[in-house]
Amino acid sequence: MYSAEDGTDIEMLFDEITYLILLARYKEMAGGGGGGHGGDVPYDVKIHITEYDTTKIDAEYMNTRFEKFLKLIQGEYDQETLDKTLTDLHKSFSMLSAEEQKYAKIFLHDVQAGNARIIPGKSFREYISDLMKGAENARIKRVVRRLGCYERLLREMLAKKVTKETIEAHGKFDELKASVDNSKATEFFTVVEHQNFRQSRLAMLVDAYLRYFLLSGGQDPYPENEFDRKHKTKVETVSMETDSNSKPVGVVLTDEVMEGKTITTSVKKAKLKEWYSESKALACMVDTDCFAYVDNKLCVYNKKYLERDDKGKLFFTEYAKAHEEECFLQFVMDKETGELHYITLPSSMASKTFNYYDELSALSDDEKLSLGLVNEIAREMLAAINGMEFGEALAALMDKKICNVSFRTLKSVTGLDNTTVSNMKKGKNLTKENVVSCCLGIHIPFRLSNRLLQLAERPLDLTIPGAKGEENTIYDQILHLYWAEDYSDTYAELVAIHYEHLIHQPPIK
């Protein structure tokens with residue numbers, strides 16, 4: 001009951017749940033979620049209250065109805081009670097967005113058909129979220145399969161929710177388009193465009209497809225077609241159907257699996273960058289600091305296989321050259337297309353093979369240890385600088401017992417002048433450019449460079465929008481992939497993508 005200005009009572013003819021549902025719909029209208037143009041809300045509605053109450057209802061209303069429904073279908077029940085519970089549960093769907101409602105109905109149908117895996121304690125909203133993530137992942141995989149573009153870059157731009165105004169910023173969209181495999185794209189558009197396809201229109205079609213996909217939040221304008229039925233491999237089908245929380249178990253490379261494939265230990269820098277962007281398994285392996293990229297190979301970072309010269313640069317030992325299977329990552333790829341399928345750990349680790357898409361990050365620390373995916377050298381280096389300030393830590397890492405790099409060598413490799421290096425030893429001039437240049441100059445794995453950046457109070461925040469976020473992403477990539485590379489080669493790589501300002505220019509030789 002509410003009191004009007006004249007003192008009379010006003011009785012509301014709908015309950016709190018209906019009120020909250022209407023607020024949720026009103027919020028959706030304000031954001032354009034219903035398919036309209038959106039715009040400002042014409043009334044002063046406190047949207048944050050809607051968000052709080054929606055969460056409350058999710059927990060107190062939707063879940064209780066869902067749990068009641070589960071108990072009924074798992075035991076004995078009368079049809080009238082089941083129908084009423086279903087009606088109540090469907091009523092709660094109104095508090096979800098239109099997209100969420102679609103997946104809520106799909107999940108409920110799976111439960112009724114006995115096709116859903118029920119996990120105790122998991123909320124109804126979480127099941128819906130998992131289905132939506134799985135569907136988005138499938139759409140991303142489908143675009144990558146059709147166009148052959150960089151998967152990680154596509155995911156990155158989608159996660160940033162680019163708009164018409166920001167999609168062209170910093171050249172990322174151009175980089176994504178440039179990564180497209182024209183032969184795959186031609187085959188795909190020939191199927192969907194039929195007689196209308198012209199090779200001269202390929203670039204325009206690719207641009208329109210990727211632009212629509214990103215600006216629509218991952219919606220695909222092209223339904224599955226003959227191209228997809230032809231190219232969807234068994235591996236990708238398994239990937240889409242696997243539970244997102246399941247852990248990778250490895251692959252046995254039988255003759256059947258290896259048909260049409262080849263194994264290599266050498267990978268060029270451009271291909272490594274592409275695979276690192278697309279392969280979750282490779283990204284996780286690299287992120288452990290267990291491997292150093294030297295002479296086009298990812299080698300186990302161990303003194304048995306890698307040594308440092310008088311300038312601190314890494315090179316293979318004679319033993320490593322004679323025992324490649326023991327220390328180099330092996331890549332299993334398609335003989336014709338060069339597409340990556342599997343990655344095999346060296347025999348000095350577990351000699352185990354994984355799908356390129358496997359989420360190795362889902363493994364526990366003990367499981368990673370059993371695979372050899374824990375780097376002792378990096379741990380020892382971190383322990384050596386524990387509790388130190390930046391200048392002291394830098395000097396300790398450059399010591400002969402660790403990186404074996406003198407300050408004179410650091411200056412000659414990176415181009416940092418005497419004053420800058422001297423100030424950095426005192427904890428001054430700690431710009432991100434200076435710190436990253438030092439890290440690349442002394443060739444330290446990512447966890448060490450990340451630690452120095454923290455000590456310098458220059459962390460790599462990848463969530464920052466705009467130019468700074470783009471720069472941090474590139475810093476993160478080069479510190480992960482190229483820390484063992486020649487400094488001048490890394491600088492040349494940055495010049496090629498117009499980001500040479502991120503590190504100091506090395507002396508011209």
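This section describes aromatic pairs, nonpolar cores, cysteines and backbone angles in a predicted model. Residues are numbered from 1 along each chain as its sequence is written, and side-chain values use heavy atoms, without hydrogens and water. As the model is predicted, local features require pLDDT of at least 70 and side-chain atom pairs count only at pLDDT 80 or more, while totals for chains, interfaces and linings use all residues.

A search of the whole structure gives twelve aromatic pairs. Rings of Phe, Tyr and Trp (its six-membered ring) are paired if their centres lie within 6.5 Å; planes under 30 degrees apart are stacked, those over 60 edge-to-face, and the rest tilted. One of the pairs is formed by Phe188 and Tyr222, whose ring centres are 5.4 Å apart with planes at 90 degrees, so the arrangement is edge-to-face. Phe188 belongs to helix α8 (residues 182-193), whereas Tyr222 is in the loop between α9 (202-215) and α10 (226-231), 34 residues apart. Helices (H or I, at least four residues) and strands (E, at least two) are DSSP runs, numbered from the N terminus. Tyr222 also pairs edge-to-face with Phe189, at 6.0 Å centre to centre and 75 degrees between the planes. Because Phe189 lies in α8 and Tyr222 in the loop between α9 and α10, this pair ties together parts 33 residues apart in sequence. Ring pairs join Phe188, Phe189, Tyr209 and Tyr222 into a cluster.

Both Phe188 and Tyr222 are buried, where buried denotes under 20% relative accessible area, exposed over 50%, and partly exposed in between (1.4 Å probe, protein chains only). The relative accessible area is 18% for Tyr222 and 0% for Phe189, which is also buried. The buried residues of α8 are Ala185, Thr186, Phe188, Phe189 and Glu193.

Charges over rings occur at two sites described here. The charged end of Lys269 sits over the ring of Tyr482, 4.9 Å from its centre, and Lys425 lies over the face of Phe407, at 4.3 Å from the ring centre. The criterion is NZ of Lys or CZ of Arg within 6 Å of the ring centre and within 35 degrees of the ring normal.

The largest nonpolar core has 86 residues, with Phe291 and Leu452 making the most contacts inside it. Such a core is a set of buried Ala, Val, Leu, Ile, Met, Phe, Trp, Tyr and Cys residues joined through side-chain atoms within 4.5 Å. A second, separate core of 28 residues includes Val143, Ile167, Phe189 and Leu210.

The structure holds zero disulfides, defined as pairs of cysteine sulfur atoms within 2.5 Å. For Cys327, the nearest cysteine sulfur is that of Cys299, 4.3 Å away. The sulfur of Cys403 is 9.8 Å from the closest cysteine sulfur, in Cys439, which is too far for a bond. Cys327 is buried, with 0% relative accessible area, and Cys403 is likewise buried at 0%.

Most residues other than glycine have a negative phi. Asp289 is in the loop between α14 (280-287) and β4 (291-294) and is buried, with a relative accessible area of 1%.
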